[in-house]
Amino acid sequence: MADRAHQGPELEIVHLLRATTVELGLHSVRFAHRNGMHPTDVRALIALMDASRAGEEVTAGRLGALLGLNSAGTTALVDRLERLGHVRRVRDGRDRRRVLVEVDERAVELGWASFGPLIGRAVELLQGYDERELAAVRGFLDGVRRAAADHGAETGHTGPG
């Protein structure tokens, strides 16, 4: 474990990452509040959009696992998002018994209206970095993400709470 008294540039960057995470979380909470959603609804939409971008299909069960929710909580979440017009349940074309959860284009547009300017500013910042610097940023962020996931697995906390 790192020496807590050490206040070098590494710890400064870790604290900056934490502050960034807090600000992004607050932005997400404000978005949820403005749009009559729970913060978990926003996390669900992000998970679904990430899966879609990766070409992955998501069932309600998989969504619940990604968010650390039980079956009842996942059903309530999907019902709520469906009522709001943000997602739809779709029968799998290959296996009609399987139901997939998909993000509606209106939810994507709503998200871009709020998060698009922030994403745009982040992209602009990254455009100022060369390939080596981008690789370092990518490696650091992926390493921190994996460390957080590993810590959750080690402690048995796979979701919020």
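A: Let us begin with helix α4, where the cover over the buried residues includes α2 (39-53), α3 (60-67), β1 (87-91) and β2 (99-103). Cover here rests on contact, meaning heavy atoms within 4.5 Å, and helices (H or I, at least four residues) and strands (E, at least two) are DSSP runs numbered from the N terminus.

Q: Which residues of α4 are buried?

A: They are T74, L77, V78 and L81, where buried stands for under 20% relative accessible area, exposed for over 50% and partly exposed for in between, with a 1.4 Å probe and protein chains only. Viewed down the axis of α4, these buried residues fall within an arc of 95°, so they line one face of the helix; the arc is that of the directions from the helix axis to the C-beta atoms. On the other side of α4, A72 and R83 are exposed.

Q: What happens at the start of α4 and just after it?

A: At the start of α4, a side-chain oxygen of N70 comes to within 3.3 Å of the backbone nitrogen of A72. Just after α4, G85 has a positive phi of about 80°.

Q: How far should I trust these coordinates?

A: This is a predicted model, in which local features need pLDDT of at least 70 and side-chain atom pairs count only at pLDDT 80 or more, while totals for chains, interfaces and linings use all residues. Residues are numbered from 1 along each chain as its sequence is written, and side-chain values use heavy atoms, with hydrogens and water left out. The average pLDDT (the predictor's confidence in each residue, from 0 to 100) is 91 for the protein, and 91% of the residues score at least 70. Where pLDDT is low, the predicted coordinates should not be read in detail.

Q: Which helix has the highest confidence, and which the lowest?

A: Confidence is highest in helix α4 (residues 71-83), at a mean of 96, and lowest in helix α6 (residues 131-155), at 90.

Q: Back up a bit, what is the overall layout?

A: The protein has six helices and two strands, which run α-α-α-α-β-β-α-α from the N terminus on. Its C-alpha trace spans about 55 × 35 × 30 Å along the principal axes, and of its 161 residues 24% count as buried.

Q: And α1, what covers its buried residues?

A: The buried residues of α1 are H27, S28, F31 and A32, and their cover includes α2 and α5. As for length, the 26 residues of helix α1 (residues 9-34) should span 38 Å at 1.5 Å a residue, and its end C-alpha atoms are 37 Å apart, which agrees; the expected span is 1.5 Å times one less than the number of residues.

Q: Last one: is A51 buried or exposed?

A: A51, which has its place in helix α2, counts as buried at 4% relative accessibility. Not counting residues up to four places away in sequence, A51 touches E56, V58 and R62.

Key
Polar contact = N/O pair within 3.5 Å; in protein donor to acceptor, adjacent residues only side chain to side chain.
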